[in-house]
Amino acid sequence: MANTADTLTRLDGTPLRVMTVDDEPSLIELLSMAMRYEGWEVFTARSGTEAVRVARESQPDAIVLDMMLPDFDGLEVMRRIRAFQPDVPVIFLTARDGVSDRISGLTAGGDDYVTKPFSLEEVIARLRGLLRRSGATSPSPITQLVVGDLVLDEDSHEVTRGGDPINLTATEFELLRFLMRNPKRVLSKAQILDRVWDYDFGGQANVVELYISYLRKKIDAGRDPMIHTMRGVGYVLRPA
């Protein structure tokens, strides 16, 4: 199941800012989705030059940084960013797992190291640990997700629409939570499977369709619909 731990926020209660840097668009998208699911604000870059510019503008609380980029390597990116943001935690991603690469990344000041291929859960878990240790975070006192007149309480697992209580199974709750953490964002069946059922897309799209239909009967029945199907793409939750 998706992560149900307390949402981490900045000390002032605003969302944590995390930057992911990789030249593979599909990998950036997967990492970004996982980070947004945690409630974090996500910034992305596909080259070293772009990463330095985005970091200067966004001042991220942590960076997930590919070691191999098209213009210059991750070590140089980190050096340039640390020149104006000296304490930002960095997790290196690399396809190489040689001992010398690990040592070069960590002795240069990197905080952690993940070798491709990796699980999204592992990267998120390491990020959460780094962010906690860096002192940038506090558990969020806000446990409610609100989209239009739909309200989901992550602690009590209570859901209401227009003030009317809605009873959901555990899986329906996780699916709705994922949709509500990504409002107005089209989510593919593969992304939903990965985050809610925790396994890769392999012809199991029917289980997503089934649970979307369950949710619609409970959330949208007799009301203006909030859950919409984007043909050939996926699903999106929008305020009615």
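In which helix is the place of Q191? I found Q191 in helix 7, residues 189-197, where helices (H or I, at least four residues) and strands (E, at least two) are DSSP runs numbered from the N terminus.

I noted that this is a predicted model, in which local features need pLDDT of at least 70 and side-chain atom pairs count only at pLDDT 80 or more, while totals for chains, interfaces and linings use all residues. Residues are numbered from 1 along each chain as its sequence is written, and side-chain values use heavy atoms, with hydrogens and water left out.

Leaving aside residues up to four places away in sequence, Q191 touches E29, M33, F178 and V186, a contact being heavy atoms within 4.5 Å. The C-alpha atoms of Q191 and A34 are separated by 9.4 Å, although the two residues are 157 apart along the chain.

Next I turned to the sheet, which is open and has four strands in the order 8-9-10-11 with antiparallel pairing; two strands pair if DSSP finds at least two bridges between them. Its edge strands, each pairing on one side only, are strand 8 (144-147) and strand 11 (164-166). Strand 10 (residues 159-161) is joined to strand 11 by three bridges, and I found R161 opposite D164 in strand 11.
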